[in-house]
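Biologist: Could you take me through this model, one question at a time? I'd like the terms spelled out as we go.

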Amino acid sequence: MSVSANDSSKMNLRAFLAKYSVLIAFAAIVIFFAVASPTFLTPANLFNVLVNNVVMLAIVALGLTIVISSGGIDLSVGVSVDMASMVFVMLLATGYGGVVGVGGGLGAALIVGILNAILITRLNISPFLATLGVLFIGQSTQQLATSGGQPIYLTSGYAADQFNAIARTDLFGVPTPVIVLVVVAVAVHVLLHRSVFGRYVQAMGAQPGVAWYSGIRVPRELSMVHVLCALLAGVTGILLSATVKSYVPLSGNAFLLDAIGATFIGTTLSRERKPSVIGTLLGVLLLAIVKNGLLLVGWNFYWQQVGIGVLVFLVLAASFGLRRASH
């Protein structure tokens, strides 16, 4: 009897560790960097992590959360970021106002999403191959439009004022980019967990065959999924340009792998391994803190990438391994 109770307690412990492996890793990492660097927990550094490291990556990752919830993937989110950034900056450079610039940038990202939707739902190309093809097309388009990949810098004049109006304003002391992230996070949470659309997306991700036969208009829902993902990436592209006051070709590629990693780290919070808004945000925060902490302790960029890769592997391996052992 005691053996059975002991085994049960071990299984419960493993299940607990598996479910909260991300939170445990998060706490351990914060403690480690707080000890290793005296500036890590200062308000200025934490503010920098939130505004410059978390906000833009989180918005991209939330878009991927929708796509991955549907059972797909979008490798072209970096292109959506870049196309929105490029059109936004070009419109401001030619004298158009911020409203037109933002609309044009989001329109460019929308085109990327529509192209993905057509390839996937009309031509029946797998999401991986379709979005990979759009990634290559988008990269070439940027290079052709910028004479081989020349950045566009707008650091003074009317355009710079428009940038400041987007990236450097605040509401009751809260920076505009943070407010945008909060609005996006709430909207995505409502869509995924409180709407009919969200139930359809979850059904397609769990049992795509059943979704077809249950009357769900799968092509329409998948189209919406990829359009929404592209639009959210476009929001990041506009915030990125407004922050650095420029457009740098192919800079959106830096978001792709981190966003995918953050989304899958977030799935460890769910017994069914489903993406969620809270899980994705926690995954983004974890990656951002690791990057910032490694920078503060003196690791160069390449070793930072190694550290992040090891972290993603360890968190996912621990969660999967412990959860399997608890059954």
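Modeller: First, the geometry terms: an axis is a line fitted to C-alpha atoms, for helices over the stretch in contact, and angles run from 0 to 180 degrees between N-to-C directions. Helices (H or I, at least four residues) and strands (E, at least two) are DSSP runs, numbered from the N terminus. Keep in mind that this is a predicted model, where local features need pLDDT of at least 70 and side-chain atom pairs count only at pLDDT 80 or more, while totals for chains, interfaces and linings use all residues. Residues are numbered from 1 along each chain as its sequence is written, and side-chain values use heavy atoms, with hydrogens and water left out.

Biologist: OK, helices then. At what angle do the axes of H4 and H6 cross?

Modeller: Two packed helices are described by the angle between their axes and the distance between the axes. For H4 and helix H6 (residues 127-145), the axes come within 9 Å. The crossing angle is roughly 25°.

Biologist: Are H4 and H6 roughly parallel or antiparallel to each other?

Modeller: The cut-offs are under 35 degrees for roughly parallel, over 145 for roughly antiparallel, 65 to 115 for roughly perpendicular, and oblique for the rest. The handedness is left-handed, meaning that the near helix is turned anticlockwise from the far one by less than a right angle (clockwise would be right-handed). The direction follows from the angle, so H4 and H6 count as roughly parallel.

Biologist: Which residues of H4 meet H6?

Modeller: Contact here is heavy atoms within 4.5 Å. On the H6 side you'll find Val134, Leu135, Gly138, Gln139, Thr141, Gln142 and Ala145. They meet these residues of H4: Val79, Asp82, Met83, Met86 and Met90.

Biologist: How many residues of that contact of H4 with H6 are charged?

Modeller: Asp, Glu, Lys and Arg count as charged, Ala, Val, Leu, Ile, Met, Phe, Trp, Tyr, Cys and Pro as nonpolar, and the others, Gly among them, as polar. The contact of H4 with H6 has seven nonpolar and four polar residues. The charged count is one.

Biologist: And how far apart are the axes of H5 and H11?

Modeller: Helix H5 (residues 98-122) packs on helix H11 (residues 218-244) at an angle of about 150°, so the two are roughly antiparallel. Their crossing is right-handed. The axes are separated by 8 Å.

Biologist: How many nonpolar residues are in the contact of H5 with H11?

Modeller: Among the contributors are Val102, Leu106 and Ala109 of H5, and Leu222, Val227 and Ala230 of H11. Seven of the contact residues are polar and no residue is charged. The nonpolar count is 14.

Biologist: Now charges. How many salt bridges does the structure hold?

Modeller: Side chains of opposite charge can pair when their charged atoms come close. The test is a side-chain nitrogen of Lys or Arg within 4 Å of a carboxyl oxygen of Asp or Glu. By that test, the number of salt bridges is two.

Biologist: Which side chain meets Lys291 in a salt bridge?

Modeller: The N to O distance for this pair is 2.5 Å, with Asp258 as the partner. The two link distant parts of the chain, 33 residues apart, with Lys291 in helix H13 (residues 277-296) and Asp258 in helix H12 (residues 253-266).

Biologist: Is Glu221 buried or exposed?

Modeller: Buried means under 20% relative accessible area, exposed over 50%, and partly exposed in between (1.4 Å probe, protein chains only). Glu221 forms a salt bridge with Arg220 (3.0 Å, N to O), and Arg220 is partly exposed at 45%. Glu221 has 4% relative accessibility, so Glu221 is buried.

Biologist: Where is Ser76 placed?

Modeller: Ser76 is buried, with 0% relative accessible area. Leaving out residues up to four places away in sequence, Ser76 touches Val112, Asn116, Thr131, Val134 and Leu135. Ser76 sits in the loop between helix H3 (43-69) and helix H4 (77-93).

Biologist: What is the phi of Asn124?

Modeller: Asn124 lies in the loop between H5 and H6 and is exposed, at 65% relative accessibility. Its phi is positive in a residue other than glycine, near 55°.
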